[in-house]
Each structure stands twice: as C-alpha cells, then as structure tokens.
Amino acid sequence: MKGKLFKENIILLIILIFLIIIFFFLLFVRPKLLIIYNNQEVNSINIELNESFKNPTYKIKYLNKNISSKVKVNGSVNTSKVGSYELTYSTRIFIYKLENKVVVNVIDKIPPVITLNGNTESNACSSNSYIEEGYNAIDNYDGDITSQVTIENNINERIYKVKDSSNNETKVTRKINITDNEGPSIKLKGEENVYILLNDTYKESGYIIEDNCDSEITNIKIDNKVDTTKVGVYTITYTATDSSNNQSSVKRYVYVYNPKTSQNMTGSEKGVIYLTFDDGPSTYTTKILDTLKKYDIKATFFVTSSGSDSAIKREFEEGHTVALHTSTHNYSKVYASVESYFKDLETVQNRVKKITNETPTIIRFPGGSSNTVSKFNKGIMTILTNEVLEKGYHYFDWNVSVEDAGGCTKKKTTSEKENCVYNYFVKGISKSKMNVVLMHDVKSYTASKLDDMIKYALSKGYTFDKITMDTTQIHHKVNN
Ligand code: ZN
C-alpha cells in the first residue's frame, strides 16, 4: 500500500512540474513583434525635415522563426514639421496580444543664414564705434529670425550669432580695421564773415571741434593775420589735427573797413557811396537806421511830411543828414507854380526845423530835376533849378538807382524784389566815380536788403558818407 501511494504521488509531481514548465514556457517564450527600419530593429528613428519617409516594416519572431500576421499601425509622421511622432504596431497571435512602438524624430539640421549689409571688412575708430550697416538672418524652418541675432564686439571684429529653434547655430564675422582717416570737424562760432571798423578790436568768437575718434583735440592752430589798423580783407585759418594726423581747416574772413569818407583823407569823392533815402520817414526807417548804426555809416534822408517826428529826430541825432524832398509829393500841386513849389518846400523845411533846430538847405526835387511829370507846366524845372541855387540851396539828383520805386516794384515776391534792388546796387556803384545812390525808406525790401548791400560795398573797399553842403552836387539834365 505504501509503495503504491508513493508511485501515484511521483506521477502527480511529475505532472505538476510538467505543467509548471509549460506555464513558464508559455509565459516567457512569447512571440516578438519587431519594428524594422533599414534592415535593423529600431524603436527610434531620426529623419530630416522634409525627407521622404515610409513607415517601418515589422517582423514577428517566435522561437527564431518568422510568423506572418496582420499588424495594425497607429499614428502618423508629418515630415514637414519638426517634432517627435510615435507609431504603435499591434497584433494578436494565439493567446498573445503583441504591441511595439517606434518614435520618429523629425529634426532640422540646416542652420540659419546670416547676411551682412555693407562690407564684411570695415574701417572704424573701434568696433564699438562702427556704425552698423545692417544684417538679416533667415532660417529654412523659422523664417526671418533677424531679431534674435546677437552681436559680440571684439577688438577687431564683430561676431553675429543666431540659433534656430532646433538649436542650429550660425556665426558670421565682420572684420573691423581700427583706423581713423577722417579729420576733425571745425565749426566756427559767430559769423563766417566779420566786419570790423578800422582801429576797432577783433574779438575771436571761438569754434567747436569734434572728432570721430578722439574725445579731445588739442592740436589746434589759428593763423590770424588781421591788422585792424589797415583797411582790407583778412583770412583767419583754423587748423585742427587729430591723433591719427588727419587735418582739417576752416576759414573766417575779417573785413576791416572805414565807412568814413575818403574826402577828408584823400580829397577825392571817388569810390565814396552816398546812400540817400527819399519819401520817408516810414515804418521801415527804424530798420534802416539800425543797419546804418551797425556799420557806423552815415547817410542822407530826403524827408517829406509823412512819418513820425521821432524818426527824423533819430536820423539827426545819429549824425545823418536830414535833407528836404517835398511836403506833399503831389506833382500837380508842387509843380503848379514857382510859388507853390517853395510853399511846399517850406512846409517840410519847417517840420525839420521844429525837430532838429536846424534849417536844411540840401534838397531833392520830387521826381528829380530831370522829371518830365512837370511838363504840364512848361519850363518850371528850368526856373526852379536856377532859383533854388540862387536861394542858397544845393540840390542833389543821383547817379545810381536801386530801382526800388521803379523796375523792382514789378517783381512778384519779396525775395525777388530784394535781389533786384541788390543787383542794381552792385551793378551801379563804381570806384571811378562818386556814387549818389537813390533809395526809398518807404520800401520794406530796401530796408531788409540794405545790410547785404553795405556788406558787399565794404568787402569791395568802398567808403560811405553823408551829403553835406561841401559835397559835389550831382545834377541831371533838365528836361522841362
Ligand atoms: Zn520822391
């Protein structure tokens, strides 16, 4: 009995062991689902952006033998978009449920392209002072990434760097040659053309010097040959040199002038300008007086009954000649008769006498002694021109006209009128004669252009004077 029971138990044990072996066999010796790409078993694949791609194939192995079965693939890969994509392969064999995965990484390996504007080699005082000529960065995947470019400044170069979203980096270098070939810039303070009276003092108004490389320029030379005791045009040359020996220079012109007549000094009226202003005073007389004062020039005003007394007072007090033109400037009244001419003249004479306490005897006929506007009264100018001289007056016509009451009034714009007046002045004056210049202080453009006319004459060495009873009279040919 005992032996039989033992035998049965042995058999049971063997069966049990056998079952356990089968169990473990089934558990561990499973079929395998392999993913195959380029003949290799894979679970991750890297492909480049836009590269052509086909899903990997697969094999099912069981005990080293291939088994065929239908496999389902889940997932897809977008090769035009950087990223990681998962493909899941699954199937069912016997009791087994098989699954395997592969990760497909779509990667961008192409770095961005940086393009530099300008030259890849430039000159500058330092790489810091180099004025950037511009650049751009374009990536195959990210597009324009110019804004992400960083610049590294080294002593002799600038390095432009940028990374795309896949961390591909590009570096471009611009070479900077440290040189300075630009001279300092000199800016003059004050006027480029300076007018100073004879024997006055020249005051240097200074300059501003800047350099592209040097923070300070100390090598400055001023060549000043101004001699204020002698009439003439002098040049002052300012020369600045930077540390790289670049030189630049600017000039200032100094006009030393003597507005006083040469009459007393040389006994000649040649080249003397007698500025005469008719028909005033007016609102423009002040500006004319200011300009004359600026250059210490004396002139002659042939006044009327218009305008303010204060303007006549100022003319007188500032040393100009206040002379007589006419009270009314009304030709038909003035030239109606000898009596009415003198009545008109006396009216304006009395006005001036009241203001200045002096009785002017220097006169100018309305329209000049050569006028034909008086022809309605035949011979009146012949009579008057003789009679005024007999009464002790000196009458002055002119031999230069700026046409400010003539041709220039037809110009349209103010600046055209100004230029017109200026051109008549420049063309009319001459060194070989005394110049009695007809102007009108009732014209705004004469007042505004007077400064330029004076500057021109001074630069050409003319002198100015007022008319006095000693001045040679300029008479026109009488036409009536
Ligand atoms: Zn007049």
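**View A. The disulfide of cysteine 408 and cysteine 420 in the predicted model is left-handed, because the torsion about its S-S bond is about -80 degrees.** Cysteine 408 lies in the loop between strand 27 (400–401) and helix 8, and cysteine 420 in helix 8, so the bond ties together parts 12 residues apart in sequence. The S to S distance is 2.0 Å; a disulfide here is a pair of cysteine sulfur atoms within 2.5 Å. Both cysteine 408 and cysteine 420 are buried (under 20% relative accessible area; exposed is over 50%, partly exposed in between; 1.4 Å probe, protein chains only). Helices (H or I, at least four residues) and strands (E, at least two) are DSSP runs, numbered from the N terminus.

**View B. Cysteine 125 and cysteine 213 form a disulfide with sulfur atoms 1.5 Å apart.** Cysteine 125 sits in the loop between strand 10 (121–124) and strand 11 (135–139), and cysteine 213 in the loop between strand 18 (207–210) and strand 19 (219–224), so parts 88 residues apart in sequence are tied together. Cysteine 213 is partly exposed, at a relative accessible area of 28%.

**View C. Helix 8 (residues 414–428) and helix 9 (residues 444–459) cross at roughly 40 degrees, their axes coming within 9 Å.** Axes are lines fitted to C-alpha atoms, for helices over the stretch in contact, with angles from 0 to 180 degrees between N-to-C directions.

**Notes.** Residues are numbered from 1 along each chain as its sequence is written. In this predicted model local features need pLDDT of at least 70, side-chain atom pairs count only at pLDDT 80 or more, and totals for chains, interfaces and linings use all residues, while side-chain values use heavy atoms, leaving out hydrogens and water.
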